[in-house]
Amino acid sequence: MTADVTPSPDEKAVDSDAVLVERTVAGDQKAFELLVIKYQRRIQRLIGRMVRDVDLVEDIAQETFIRAYRALAQFRGEAQFYTWLYRIAVNTAKKSLMDLKRDPTVSENSFKSGDDDETSPLENELTSSETPDAVLASKEIAEMVNAAMEALPEELRQAITLREIEGLSYEEIAEAMNCPIGTVRSRIFRAREAISERVKPLLESQSGKRW
């Protein structure tokens with residue numbers, strides 16, 4: 001008699017995407033719908049950081065999932081499913097922007113999250129005080145950070161976004177950007193330095209104020 005071994009919740013979480021991918025490839029379309037539900041908002045937020053036109057975000061996200069569905073048989077599980085999906089989303093957004101003869105830029109909502117439980121650490125820090133002056137100062141800093149993000153070269157912007165906003169590990173970023181971990185670390189360091197240089201004067205000018 002074979003013992004019934006029930007996977008732990010952690011094991012289920014790790015294997016859930018792979019199982020859904022297998023089921024989809026086998027012809028279970030509802031399994032792919034579950035993947036869409038799981039990652040749709042996250043992909044839309046990602047695209048929203050590349051595309052200014054909010055009307056395009058949903059269309060590009062839909063195209064991303066269509067492309068992912070068509071290519072799902074090629075997914076080998078060597079990278080996490082979201083990392084693989086991220087690549088498709090970025091490439092789809094780039095293609096759409098090229099078709100429209102636009103350059104990829106960071107939207108004004110780069111540091112805003114659609115989910116309360118996924119608010120970025122930066123946003124939490126900037127909104128910790130509720131006094132009018134502090135709110136104004138926070139808005140100025142957020143605008144400066146956003147401007148600094150826009151000014152970054154694309155590869156630096158992608159790396160810092162994946163690390164600080166998406167919360168991916170260096171290994172996952174290396175897989176997503178198809179480059180060595182050392183390159184990822186260098187890009188993130190350079191991005192942080194560039195952002196710091198832009199924001200530092202504003203922070204120093206506000207340091208003497210009493211809120």
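1. A definition to begin with: Ala, Val, Leu, Ile, Met, Phe, Trp, Tyr, Cys and Pro count as nonpolar, Asp, Glu, Lys and Arg as charged, and the others, including Gly, as polar. Under that scheme, the lining of the largest cavity holds six nonpolar, two polar and three charged residues. The model is predicted.

2. The cavity itself. Searching the whole structure turns up one cavity of 30 Å³ or more. Two elements give two or more residues to the lining: helix H4 (81–99) and helix H7 (154–165). H7 has the largest share, with four residues.

3. Overall make-up. The protein has nine helices and zero strands. Read from the N terminus, the elements run α-α-α-α-α-α-α-α-α. The protein has 211 residues, and 38% of them count as buried. Its accessible surface is about 13,100 Å², and carbon and sulfur atoms hold 50% of that. Among contacts with a separation of 6 or more, 65% join residues 24 or more positions apart.

4. The core. In soluble globular proteins, nonpolar side chains tend to be buried together. Here the largest nonpolar core has 53 residues. Tyr-39, Ile-43, Phe-81, Trp-84 and Ile-195 have the most contacts inside it. At least two core residues come from each of helix H1 (9–25), helix H2 (29–48), helix H3 (54–71), H4, helix H6 (132–151), H7, H8 and helix H9 (181–206). H4 gives the most, ten residues.

5. Tyr-39 in detail. Which residues does Tyr-39 touch, not counting residues up to four places away in sequence? They are Asp-17, Phe-65, Phe-81, Tyr-82 and Leu-85. Phe-81 also belongs to the group with the most contacts inside the core.

6. Helix H8. This helix spans residues 170–177 and is mostly covered, with six of its eight residues buried. The buried ones are Tyr-170, Glu-172, Ile-173, Ala-174, Ala-176 and Met-177. Asn-178 follows H8, and its phi is positive, near 55°.

7. Glu-175 against Thr-83. Glu-175 is found in H8, while Thr-83 lies in H4. The two are 92 residues apart in sequence, yet their C-alpha atoms are 7.0 Å apart in space. Is Thr-83 buried or exposed? Thr-83 counts as buried because its relative accessibility is 1%, and the cut-off for burial is under 20%. Glu-175 has a relative accessible area of 29%, so it is partly exposed.

8. Contacts of this pair. Apart from neighbours within four places in sequence, Thr-83 is in contact with Leu-168, Glu-172, Glu-175 and Ala-176. Of these, Glu-172 and Ala-176 are among the buried residues of H8. With residues up to four places away in sequence left out, Glu-175 touches Glu-78, Ala-79, Gln-80, Thr-83 and Arg-87.

Methods:
Residues are numbered from 1 along each chain as its sequence is written. This is a predicted model: local features need pLDDT of at least 70, side-chain atom pairs count only at pLDDT 80 or more; totals for chains, interfaces and linings use all residues. Side-chain values use heavy atoms; hydrogens and water are left out. On a 1 Å grid over the protein atoms alone, a cavity is a set of points where a 1.4 Å probe fits but cannot get out, and a pocket is an open set with protein on both sides within 12 Å along at least five of seven lines; lining residues have an atom within 4 Å of a point. Grid points are joined across faces, edges and corners, and a volume is the space filled by probe spheres set on the points. Buried means under 20% relative accessible area, exposed over 50%, partly exposed in between (1.4 Å probe, protein chains only). A nonpolar core is a set of buried Ala, Val, Leu, Ile, Met, Phe, Trp, Tyr and Cys residues joined through side-chain atoms within 4.5 Å. Contact means heavy atoms within 4.5 Å. Accessible areas come from the Shrake-Rupley method with a 1.4 Å probe; for residues, only the protein chains shown count as cover.
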